[in-house]
Amino acid sequence: MENRILVLDDDPCVLEAIDLSLTYCGFQVRPLLSGQNVFSMIDNFEPHLIILDYFLRGEDGGEICIKLKSNPLTSKIPVIMLSAHYEVGLKVKQYGYDAFLPKPFDLFLLINEIKGFINPEPVID
């Protein structure tokens, strides 16, 4: 069974780069351009990990992360927060995410971060 990753980013280019890279590494990826319907998507897709951009249209990634981590059904799903604003990375206690990567980021660094939470086959070093 493939490990499932939900990716939310409102930049189509970033979303496509993450989607292609993670799919190549053996993950099943579900990309979303906004946080709209994210919770129904989580219920249906049952991701093993969520990659969440902080700045999204509508509800921001921090608010979504707080809701995820406060819900007993989703609180154990690891969340990697992405942002071009470094100060977001200092707010782990406020938002509850499990890891932070500043934009721009290296895709290999993102993959290594993911492998720290889930271990897909095949492993690429």
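Which residue just after α2 takes a positive phi? I looked there and found Glu 46, with a phi of about 50°.

Before going on, I noted that this is a predicted model, in which local features need pLDDT of at least 70 and side-chain atom pairs count only at pLDDT 80 or more, while totals for chains, interfaces and linings use all residues. Residues are numbered from 1 along each chain as its sequence is written, and side-chain values use heavy atoms, with hydrogens and water left out.

**Fold.** I counted five helices and five strands, taken as DSSP runs numbered from the N terminus (helices H or I, at least four residues; strands E, at least two). Along the sequence I read the order as β-α-β-α-β-α-β-α-β-α.

**Burial.** I found that 46% of the 125 residues count as buried, meaning under 20% relative accessible area, with exposed set at over 50% and partly exposed in between (1.4 Å probe, protein chains only).

**Helix α2.** I then turned to residues 38–45, where Val 38, Met 41, Ile 42 and Phe 45 are buried. They lie on the same side of α2, because their arc around the axis is only 100°, judged by the directions from the helix axis to the C-beta atoms. On the face turned away from this buried side I noted Asp 43 and Asn 44, both exposed.

I next asked what the buried residues of α2 pack against, and listed β1 (4–8), β2 (28–32), β3 (49–53) and α3 (61–70), a contact being heavy atoms within 4.5 Å.
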